[in-house]
Amino acid sequence: MTAAFLVARGIAKRFGALTALSDVDLEIRPGEVLALLGDNGAGKSTFIKILAGAHPPSDGELIVEGMPVAFSSPKDAASSGIATIFQELALSENLSISENVFLGRELKRSVLGVPFLRRAEMRRRVDSLLKELDAHISDPEAPVGSLSGGQRQAVAICRALNLNAKLVIMDEPTAALAVAETRKVLALTRRLAERGCAVVLISHNISEVFEVADRIVVFRRGRKVAERLRAETDPEEIVSFITGAHPGVRALEKTN
Amino acid sequence: MNRIRNLQGSTLVLTLLALLWVVVVFVLLVLKPSVFSLATVTTILQFSTILALVSLGQAIVVMAGGAGIDLSVGGIVSLSAIFGMLALKAGLPSFLLPATCVFAGAVLGAFNGILVTRLSILPLIATLGTFFIYSGLALALTGGAAQSGVPGWLLIWGRSVFSSIPAPFLTIAIPVFAIAGIVLMWTAWGRWIYAIGFNERSAHLVGIPVDRARLILYGLSGALSGAAALISLAWLGSGRPNIGQNLELESLTAAMLGGIAISGGRGGVGGVFAAVILLVTLKTGLLQLNVNTVWQLGIVGALLVFVLLADRLSQRWR
């Protein structure tokens with residue numbers, strides 16, 4: 001087993017009197033797709049926002065590659081190699097694919113302090129990334145506005161890879177996609193893990209999770225109630241964890 | 001492909017404007033064959049220089065989105081011209097006049113930027129307010145009187161003509177538009193402006209300093225208006241407190257005619273330049289035909305509606 005890229009220990013998050021998350025321990029390993037499941041309000045989103053640096057945890061610690069970290073902004077998380085692909089993809093539709101992949105950190109040649117773009121170099125890099133992901137996008141100069149939802153996910157993933165992300169967090173990447181598109185995005189997710197990235201996938205769709213994830217973690221009412229390898233569980237068990245029907249969850253909730 | 005698509009968009013605008021320009025010139029020539037002397041060409045280009053600089057500022061502010069608009073440009077032109085002349089009277093060395101006008105414009109523009117980005121006032125409201133402040137101040141400081149005493153060397157530059165092309169047009173308008181075009185097309189800053197204009201949130205998420213960029217663009221728009229004020233001084237020989245009158249609407253018309261999307265993120269400076277030439281030609285021609293000023297405004301308005309309609313229809317057909 002490879003060493004964990006990120007270890008979360010005893011993570012808790014309180015918003016005033018409301019406890020959104022309590023005592024979550026989790027390891028995220030490179031080359032592995034980890035699925036986070038749970039009902040609405042179970043704490044998944046709060047947890048990834050902590051990983052992404054959008055919220056500081058109230059308690060507990062995050063350890064990235066053996067070093068304790070404290071993120072005060074998404075930028076801090078990004079510089080530790082954590083990229084988050086939010087549901088709204090943060091792409092600019094009027095710009096081309098390669099411009100979007102490099103937006104905010106363009107390759108440039110400075111002439112008298114004016115940052116001129118190195119278009120050819122950027123196009124080449126994006127082209128090879130798209131090929132590597134097998135994303136079926138032939139022209140990196142096409143405007144993002146002309147792409148389908150799945151292709152946009154591919155562009156967002158390219159963006160994450162281009163930032164040298166070692167952990168990519170995907171928040172319901174298939175929520176708004178057609179069936180064929182969903183397949184493509186799941187394949188992309190797998191390929192990302194094969195490349196050695198750690199992937200955290202949030203989803204509501206259990207069959208999708210069983211198709212792509214290596215490990216499944218279930219959140220319920222702000223706690224981690226289950227962690228299973230895919231091979232050792234089945235959809236019924238996971239659903240019973242999510243709904244709280246599982247005897248283990250009931251026992252846990254009774255003690256609290 | 002994106003570049004080609006962009007180019008097609010702006011070539012469409014450019015072709016339409018060129019076509020309209022030919023029609024305007026043709027109609028004017030038929031109505032009054034003597035209308036276009038070389039002197040008229042010089043006048044048109046002289047007026048165009050002022051409107052072009054102001055329109056460029058307007059265009060970049062609109063392009064950066066966030067409901068960006070600068071209604072105070074006319075006020076900035078008036079006030080920076082007056083400020084320059086008053087500073088001269090107060091003992092400013094005359095060689096500093098150009099820098100003073102541009103700097104005054106930049107400061108007034110940056111004030112707009114602060115209202116919009118730091119205090120989050122809607123640009124339409126903020127710049128409407130500063131429009132009244134700036135143009136009112138220009139009148140109040142002078143009591144409405146024109147300020148004479150522009151240094152002679154400035155007049156020589158402002159009034160000299162090379163084969164009927166005025167010097168300010170050659171030395172300011174063309175270089176400034178060339179630089180703006182290059183920056184928008186080939187630098188990271190240009191990409192950021194388009195990104196901010198189209199989708200502010202995504203630009204923010206990727207780490208583009210949205211507010212700072214907007215602040216700078218308002219300041220830049222002000223500086224361009226200050227430069228226009230300087231040209232009006234060099235040409236007319238005096239600082240008039242109402243020189244910027246109507247420039248806000250004319251510059252907005254030029255920007256819209258030139259294909260800048262009012263919602264931001266779309267358009268280029270070439271179209272703005274062509275639109276300025278078209279507008280000034282039309283106005284000068286109508287003036288020569290002794291058309292009532294009220295009708296002149298009406299015709300400009302009709303032109304704007306027509307071009308926007310053509311743009312909408314061409315998008316539907318595509």
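This is a predicted model: local features need pLDDT of at least 70, side-chain atom pairs count only at pLDDT 80 or more; totals for chains, interfaces and linings use all residues.

Reader: ok, and over how many bridges do β3(A) and β10 pair?
Author: Strand β3(A) and strand β10 of chain A, which covers residues 198–202, pair over four bridges in the parallel sense. Two strands are said to pair if DSSP finds at least two bridges between them.

Reader: Which strand does β3 of chain A join over five bridges?
Author: Five bridges join β3 (residues 33–38) to strand β11 (residues 215–220) of chain A, and these two run parallel. Across this pairing A:Leu37 stands opposite A:Val218, and A:Gly38 stands opposite A:Phe219.

Reader: In what order do the six strands of the sheet come?
Author: The open sheet in chain A has the order β6-β9-β10-β3-β11-β12, with mixed pairing. Its edge strands are β6 (82–85) and β12 (223–229), each of which pairs on one side only. From one strand to the next the twist averages 20°.

Reader: Is β3(A) enclosed or open?
Author: Six of the six residues of β3(A) are buried, so the strand is largely enclosed by the rest of the structure. A residue counts as buried if 20 or more other C-beta atoms lie within 10 Å of its own, as exposed if 12 or fewer do, and as partly exposed in between, with C-beta atoms placed from the backbone.

Reader: Which residues sit on each face of β3(A)?
Author: A:Val33, A:Ala35 and A:Leu37 are on one side, with A:Leu34, A:Leu36 and A:Gly38 on the other, and both faces are covered. As a general point, side chains in a regular strand alternate between the two faces of the sheet.

Reader: How many residues of helix α1 in chain A are buried?
Author: Helix α1(A), residues 44–51, is mostly covered, with eight of its eight residues buried; among them are A:Lys44, A:Phe47 and A:Leu51. Just after α1(A), A:Gly53 takes a positive phi of about 85°.

Reader: Which residue other than glycine has a positive phi near 60°?
Author: That is B:Ala67, which lies in the loop between α2 and α3 (73–89) of chain B. B:Ala67 has 12 other C-beta atoms within 10 Å and is therefore exposed. For background, most residues other than glycine have a negative phi.

Reader: Changing topic, how many helices does chain B have?
Author: Chain B has 13 helices and four strands. Its radius of gyration is 19 Å, close to the 20 Å that the globule rule gives for 318 residues, so chain B is as compact as a globular protein of that length. That radius is taken over C-alpha atoms, and the rule is 2.2 Å times the number of residues to the power 0.38. Buried residues make up 49% of the 318 residues in chain B.

Reader: At what angle do α2 and α11 of chain B pack?
Author: Helix α2 (residues 38–63) and helix α11 (residues 247–257) of chain B pack at about 65°, with their axes 8 Å apart. Axes are lines fitted to C-alpha atoms, for helices over the stretch in contact, and angles run from 0 to 180 degrees between N-to-C directions.

Reader: How many residues of chain B are in contact with chain A?
Author: There are 21 residues of chain B in contact with 21 residues of chain A, where contact means that the two C-beta atoms, placed from the backbone, lie within 7 Å. The largest share of chain B's side, six residues, comes from α8(B).

Reader: And which residues does B:Thr187 touch?
Author: Not counting residues up to four places away in sequence, B:Thr187 touches A:Val114, A:Pro115, A:Phe116 and A:Leu117. B:Thr187 is found in the loop between α7 (167–186) and α8 of chain B, and with 20 C-beta neighbours inside 10 Å it counts as buried.

Definitions and conventions
Residues are numbered from 1 along each chain as its sequence is written. Chains are lettered from A and ligands numbered from 1 in the order in which they are written.
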